[in-house]
Amino acid sequence: MLTDRLDVSLDELREHSGWELKPEGACLGDVCIPLRAPVTRDDGRVDLEAFAGQLGMPVVADPAHGLWALGPAAADHVIDQATMPELTLSDFEGRPYDLSDSRGRKVVMVAWASWCGCARDLPSWQALYEELAPHGLDVVTVALDTNVDAARPAAEAAQQTHPSLVDPAHRVVERFGITNVPLGMWIDEKGVIVRPPESAPVPPRAGEPDRAAMVSQLPEDQLRIVAAMTANAGDPTRYTDAVRDWVAKGEESEFVLSEEEVVARSRPLPPEAATAAAHYELGQHLHRSGHGQDAVAHFAAAHDLDPTNWSYQRQARALVHPAWGAVYERDLFTEVGRVGPATWRPAPTI
């Protein structure tokens, strides 16, 4: 949540953060957290610092621009219950799409971005949708591009007929723990997450450029890092075959997880990750508002606090103008080597 003051109305709190104040406490959807002390002032407005303090939400300030950002509430895992929260994103024309609109059908939600080679996978997702839509599957692709127009050409070239959405605020990153792209998540007909975000490869298409041949042309030091980054790639056909199995067998599919497994497999949420999310929100807002150079410090802070969330760094590198200096002291390959190549792509869980 981004704000230019530290007190807001109840309606503003609900609209911008999703949280509501009820007799049972602070509530986000069906989850309510009892409050130890009042967080509203005499005039009925919510004291955000008091509210955030009781929920374990970090508050990050940007004094130069008079802005504050609230990170997510304290939790053991990003996904703390398998029921899909309310989430509305927009398509490339700005039309809103509520993910609950697919209720009654299975959904594979796939995160991608223009700054990822996975943008070339969009035609394959469209083909899978055409194959399985008659059997009850929706594919929903979500572009994690702060600059929406950067993602538009790839989306249009894929001639998508399934919901094709954009998430410039990286709300799915914060809500579901997406740390890189492409990652996919499964939601069943009742709106229950049955697989949390995980690597979502698709088989290469006929006539597609040979990625291995392109990688082989890298310098030797970078080639070693790329080899380690892709060591977890696994069989690219296994993920889409698992989707087919789920569509055919429903909850009897071996790939459907229990609620407890979904929560346990979702990303742990240390306090540093919550603070990083607040910094990243500030950085994105400043960039969109024409203060790109001022956004750099927040992008760098987000990476320093949550270095294995590569979606932050990859987007920041795509946004920052060379004249403003490097966002980080090291190039991407060097940084991956420093943090750990195995963090780039989670090991396959299918």
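Mentor: Please note that this is a predicted model. We begin with the disulfide that joins C27 to C32, with an S to S distance of 2.0 Å.

Trainee: Which hand does the link of C27 and C32 have?

Mentor: The angle about the S-S bond decides the matter, and here it is 110 degrees. With that angle, the link of C27 and C32 is right-handed.

Trainee: Is C32 buried or partly exposed?

Mentor: C32 stands at 30% relative accessibility. Buried means under 20% and exposed means over 50%, so a residue in between is partly exposed. C32 therefore counts as partly exposed.

Trainee: How many disulfides does a search of the whole structure find?

Mentor: Another joins C116 to C118, with an S to S distance of 2.5 Å, and both C116 and C118 are buried. With the bonded cysteines numbered in sequence order, the pairing is 1-2, 3-4. The number that the search finds is two.

Trainee: Let us turn to N309. Is N309 buried or exposed?

Mentor: N309 is found in the loop between helix 11 (292–305) and helix 12 (310–319). Its relative accessible area is 2%. The cut-off for a buried residue is under 20%, so N309 is buried.

Trainee: Which residues is N309 in contact with, leaving aside its neighbours within four places in sequence?

Mentor: Contact here means heavy atoms within 4.5 Å. With those sequence neighbours left aside, the contacts of N309 are V173, I178, T179 and R267.

Methods: Residues numbered from 1 in each chain as written. Predicted model: local features only at pLDDT ≥ 70, side-chain atom pairs only at ≥ 80, totals over all residues. Heavy atoms only, no water. Helix = DSSP H or I, 4+ residues; strand = E, 2+ residues; numbered from the N terminus. Buried < 20%, exposed > 50% of the residue type's maximum accessible area, 1.4 Å probe, protein only. Disulfide = S-S within 2.5 Å.
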